[in-house]
Amino acid sequence: MTVHGEEAIVPATDTEEAEEVLRHYVEVYNEAKPANDSELNATVESGGLGAINGAVLDARAGAIADAEEQGDQQIIDQINEAYGPDSFTPLELDDVRYHIPEQAGWPKFFVAEARSNLTENRWLLVFTRDSIDEDWRASYLGQVPAAQLPELAEEDGALVDVPLTGTDGDDLAVPPAELSAAYAEYLSAGGVDPTFTAGPYTTDALASREEANNNAAFRTDYIDEPAEDPEYAPVAIRTADGGALVFFTTLHNSKQTVAEGENPAEVLRLDPASLALMEGEARRAVTWQRVAYQVAYVPAGEGQVEILGQSRGATSVTGE
């Protein structure tokens with residue numbers, strides 16, 4: 001599909017191309033994941049999804065390389081048993097529905113909604129690209145129970161997106177471009193802002209942080225930040241009731257400091273993959289840099305945002 005000009009409002013793609021993009025994604029997924037090949041994975045994933053999965057694959061590959069250098073066959077066997085080709089379940093998607101908006105300019109996106117053999121939830125793969133010369137890459141993967149998935153709005157058969165600029169999102173409880181900052185502020189302030197509903201990624205997450213810091217062996221300090229890099233740009237889709245389904249990314253740093261007299265190896269229990277990612281040595285503290293991406297329902301007008309799903313993972317680990 002060829003698009004000329006930046007002002008014309010045209011379909012982001014067509015169903016035939018979307019089908020080929022999804023087929024290629026599944027093919028590469030099933031090759032890259034069991035091989036711990038982050039470079040191959042980066043050809044089909046970007047954004048928060050690519051950052052998390054790329055770091056995971058690098059960590060596993062690094063842990064195996066370290067174990068080979070040290071002659072530790074037990075570690076190699078453990079990683080291969082848990083994540084290697086023999087334990088890998090190839091991804092299969094069916095009952096696929098393609099949601100394609102009409103958009104002007106770049107970036108563009110479309111959504112492949114499908115049933116997966118790996119989870120009971122519906123998969124919402126958001127594919128994006130910034131120009132006609134780029135390949136489509138999956139930047140978000142929302143996993144939402146079918147019963148919680150809101151009906152998406154369509155006009156003349158096209159998905160209705162909510163642009164990040166202009167005033168289109170001003171009728172929502174939180175404009176999509178501001179959602180990352182709102183969630184980071186919610187966590188940083190300890191949940192005093194009622195912007196978000198109670199649930200596993202809000203009140204429960206804060207309760208887990210508080211509980212973790214009841215352990216006298218170490219203390220954890222947290223810094224939550226919005227993801228402002230264009231690579232992590234949110235994607236927003238209008239729902240049939242006037243609200244929006246928004247995919248957005250946040251950044252989370254946490255520093256675990258071990259109490260005097262405690263053994264960091266025993267207290268923090270770092271696995272081989274975490275050690276493979278680590279820069280420096282954990283003599284007293286470890287700092288984790290994590291990326292998280294969420295899919296949330298944002299109501300029109302006033303109301304609370306409900307986070308329907310979240311994925312997070314460490315992208316770097318630093319020992320001190």
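## A strand pair and its sheet

Val111 stands opposite Val126 in β5. Strand β4 (residues 108-116) and strand β5 (residues 122-129) pair in the antiparallel sense over 8 bridges. Strands are DSSP runs of E, at least two residues; helices are runs of H or I, at least four residues; both are numbered from the N terminus. Two strands pair if DSSP finds at least two bridges between them.

This is a predicted model, with local features needing pLDDT of at least 70 and side-chain atom pairs pLDDT 80 or more, while totals for chains, interfaces and linings use all residues. Residues are numbered from 1 along each chain as its sequence is written, and side-chain values use heavy atoms, without hydrogens and water.

The open sheet has 4 strands in the order β2-β4-β5-β6, with antiparallel pairing. β2 (93-99) and β6 (137-144) are the edges; each has a single partner strand, so one side of each lacks a neighbour in the sheet.

## Helix α1

Helix α1 (residues 15-35) has 21 residues. Just after α1, Asn36 takes a positive phi of about 55 degrees.

## Around Gln289

Gln289 lies in strand β13 (residues 285-298). Its contacts (heavy atoms within 4.5 Å) include His252, Asn253 and Gly313, leaving out residues up to four places away in sequence. Gln289 and Pro299 are 10 residues apart in sequence and 31 Å apart in space, C-alpha to C-alpha.

Terms used: Expected span 1.5 Å × (residues − 1).
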